[in-house]
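I opened the model to go through its core, its helix and its aromatic rings. My entries follow in the order in which I looked things up.

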Amino acid sequence: MEQIVAVQRNEAGGIINFETSSGRIISYRKAVMEANEGTLQFPPDSEGESDDQFEQYPSIF
C-alpha cells in the first residue's frame, strides 16, 4: 500500500498536495479519496481532516 512521504503547502500553510511512496504527486482531495478507498495509507489516527498529522513530513519542493 502506498504511503505519504512528503507534503506541499500553500502560502497560508495548508496542505495542497502529497507525494506518495511511489513518487506520485496527488492533491489533498485525491489523497483523502484514496485513503477512504483503502489504496493510500494516511498516518495513524488521521482521517484527512487535520493538517497537524503531517507536521513531521518534509516538503515536496
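I took helices (H or I, at least four residues) and strands (E, at least two) as DSSP runs, numbered from the N terminus. This is a predicted model, so I kept to its thresholds: local features need pLDDT of at least 70, side-chain atom pairs count only at pLDDT 80 or more, and totals for chains, interfaces and linings use all residues. Residues are numbered from 1 along each chain as its sequence is written, and side-chain values use heavy atoms, with hydrogens and water left out.

Entry on T20. I found T20 in strand β2. T20 counts as buried because its relative accessibility is 1%; buried means under 20% relative accessible area, exposed over 50%, and partly exposed in between (1.4 Å probe, protein chains only). For contacts I used heavy atoms within 4.5 Å. Leaving out residues up to four places away in sequence, T20 touches E2, Q3, I4, V5, I26 and L40.

Entry on α1. Which residues of α1 are buried? I noted Y28, A31, V32 and E34. On the face turned away from the buried side I found the exposed residues R29, N36 and E37. G38 follows α1 and has a positive phi, near 90°.

Entry on A35. This residue of helix α1 is partly exposed, at a relative accessible area of 25%. Not counting residues up to four places away in sequence, A35 touches L40 and F42.

Entry on the rings. I counted five aromatic pairs, where rings of Phe, Tyr and Trp (its six-membered ring) pair if their centres lie within 6.5 Å; planes under 30 degrees apart count as stacked, over 60 as edge-to-face and the rest as tilted. F18 and F54 form a tilted pair, 5.0 Å centre to centre with 55° between the planes. F18 lies in strand β2 and F54 in the segment after β4, 36 residues apart. One aromatic cluster holds F18, Y28, F42, F54 and Y57.
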